[in-house]
Amino acid sequence: MAADSSPRVWLYDTTLRDGAQREGIAFSIEDKIEIAHKLDALGIPFIEGGWPGANPKDVQFFWQLREEPLQQAEIVAFCSTRRPHKVAADDPMLQAILAAGTRWVTLFGKTWDLHVTEGLKTTLDENLAMIRDSIQYLRSQGRHVLYDAEHGFDGYKANPEYALQTLRAAQDAGADWLVLCDTNGGTLPQDIARIVREIVAELGRDLTAQIGIHAHNDSGTAVANSLAAVLEGAAMVQGTINGYGERCGNVDLCSVLPNLQIKLGYDCLPSDRLALLSTTSRAIAEIANLAPDDHAPFVGQSAFAHKGGIHVSAVERNPLTYEHVPPEAIGNQRRIVISEQAGISNIVAKARSFGIQLDKKDPACREILQTLKDLEHRGYQFEVADASFELLVRAALERRPERFQLMGFQVHCDMLRDEKTLLSDAIATIKVAVDGEHILESAEGNGPVSALDEALRKALVKFYPEIASFHLTDYKVRILDSTVGTEAVTRVLVESSDGARRWTTIGVSPNILSASYQAVVDGIEYGLLLQSSARSAASVG
Ligand SMILES: CC(=O)SCCNC(=O)CCNC(=O)[C@H](O)C(C)(C)COP(=O)(O)OP(=O)(O)OC[C@H]1O[C@@H](n2cnc3c(N)ncnc32)[C@H](O)[C@@H]1OP(=O)(O)O
Ligand SMILES: CC(=O)C(=O)O
């Protein structure tokens, strides 16, 4: 963690503006308010809220946020420079940005001569006037100005003299920050470093504004580019949570921030906030209605998941062997994955997470490992079915109570046409024995698996009333080509819930009903195990 004397790098989050330019994202006002508060709680000092004047939602956002103010962050409104040959004070966009009522504003302007002549269709001098007038006008209205030099790097590569003139114009007009944007995301780290170095040297003693970096990820180098700029003296990094943004996205603050703070020793967030990063990343993915990237550096579910037996064996001895930073520093956690790649160490570590202490030398460990590898060879995949693996371990240790025996089942399925759709109507009949008593039950379902699950739960609920709270929440089927000989098998994954917790179980068989039955039975047995563990914990407590 950065010490008090560490140099400061200011983080500027643009998830609500550039992040919303990602295909597939459409934040509501409520979403934006919630995200702004999460970023504020994380300790991000600058949060860009949107472009007021570009759409009614962004206008309303700034108004609504006044009702629910942030604790520590500056909320920033974004806008372009005035239109060519117009007066800044008459520009509707500049009026809209003032009406947003923020202390800080970000103005983007053109650095690349190509964009001036081809995009704006104006002259190079008029673009300099647009930058100067717009910033002077906003400063005269009491605003602090961040100037985003759009295409800062491409513009400098094409015409360094003109690019420098635009930056000088922004600085002379009173901009507090000059943020160099790699808008097309095409620049590589060594060119970012060289150009930042040259710009800082060229502006020399005149440099009153601070320099920032805004990197896009089209070359997959946005994190490296941002770090390269910081190492050359940039004191602000603009980016988004989870790297959301136009095309391939912006630099991912969830990667750049821990690199800056943990590895390079910069002061970015208050020292107690970095541990909120993983939950913030996942919560914002949830609000964006996008699946979190499990393999994202630092914050992904798999960022500290160890699967290979060699890795687990070493990590159990010393986590430094296969972890570049401690997962808890960013609020993530170590996970041990169970699969055919496992060794005894995976079994011992995973069993410990179930509350079962095993000794590596215990022959049961080797038996469990062998069973695991045999079953995975037949098509099981325990890394996605922790609950079935725990039942397997308990069975091997003779700690899995036999709660019932299956005597047989039958499933009948009709496909019925209802106007335009074809509906399935299934009936399952099941016979089980509990403590020597035979029970026969039938149930209907909208498919064979739900009918079977319903019939089994009906048969057992008299003996285990807690089953009434269990229900299936997900069902996945995959046909595996051939695992043993030439026979194709079906792998079924069932997710169950008791309203408070969820667990996943697995079944594999050439017959889909038999595979489903295994997964459903494991699901019920695991639910009963959870309930009885909770009861034992409560009675001890
Ligand atoms: C690099 C970036 O990410 S910048 C942010 C990009 N984000 C967005 O574009 C999302 C929000 N944008 C919008 O809602 C709309 O594009 C608006 C409201 C800004 C403008 O809409 P319209 O007036 O219909 O113009 P349109 O989108 O077709 O074209 C953009 C105009 O802005 C002008 N423009 C582009 N950059 C600048 C600039 N830095 N300063 C002044 N004008 C600019 C273009 O020359 C073009 O002008 P024209 O209308 O005279 O041809
Ligand atoms: C300003 C901005 O978003 C860019 O140049 O990428």
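Tutor: Let's start with a pair of strands: β11 and β12 (residues 421-434) run antiparallel, and 13 bridges join them. Keep in mind that this is a predicted model. In general, the strands of a sheet pair through backbone hydrogen bonds, and the pairing can be parallel or antiparallel. One bridge to look for is that of Asp418, whose partner in β12 is Thr421. Asp418 falls within β11, a strand that covers 405-418, and Thr421 falls within β12, which covers residues 421-434.

Now widen the view to the whole sheet. Its three strands come in the order β11-β12-β13, the sheet is open, and the pairing is antiparallel. At the edges you find β11 (405-418) and β13 (437-445), each of which pairs on one side only. Going from one strand to its neighbour, the average turn is 10°, direction ignored. A helix packs on this sheet too: α16 (residues 448-460) touches β11, β12 and β13, and its direction makes about 30° with that of β12.

The axes of α9 (residues 222-231) and α10 (residues 253-263) come within 10 Å and cross at roughly 35°, and the crossing is right-handed. On the α9 side, the contact is made by Val223, Ser226, Leu227 and Val230, which meet Ser255, Val256, Asn259 and Leu260 of α10. Sorted by class, that contact has five nonpolar residues, three polar ones and no charged ones.

The shell of ligand 2 consists of Asp18, Phe108, Asp148, Glu150, Cys181, Thr183, His214 and His216, which divide into two nonpolar, three polar and three charged residues. Ligand 1 is surrounded by 17 residues, and the closest are Ala54, Ser80, Thr81, Gly109 and Leu120. Both β4 (104-110) and α4 (113-120) supply at least two residues of that shell, with β4 giving the most, three residues. By class, the shell around ligand 1 has five nonpolar, seven polar and five charged residues.

An unreviewed UniProt entry lists residues 9-275 as "domain: Pyruvate carboxyltransferase". In the model, that span is 43% helix and 17% strand, and its end C-alpha atoms lie 18 Å apart.

Definitions and conventions
Residues numbered from 1 in each chain as written. Chains lettered and ligands numbered in written order. Predicted model: local features only at pLDDT ≥ 70, side-chain atom pairs only at ≥ 80, totals over all residues. Axes fitted to C-alpha atoms, helices over the stretch in contact; angles between N-to-C directions. Helix = DSSP H or I, 4+ residues; strand = E, 2+ residues; numbered from the N terminus. Left-handed = near helix turned anticlockwise from the far one by under 90°. Contact = placed C-beta atoms within 7 Å. Nonpolar A, V, L, I, M, F, W, Y, C, P; charged D, E, K, R; others polar. Near = placed C-beta within 6 Å. UniProt positions renumbered as here; feature names shortened; annotations may be inferred. Pairing = 2+ DSSP bridges.
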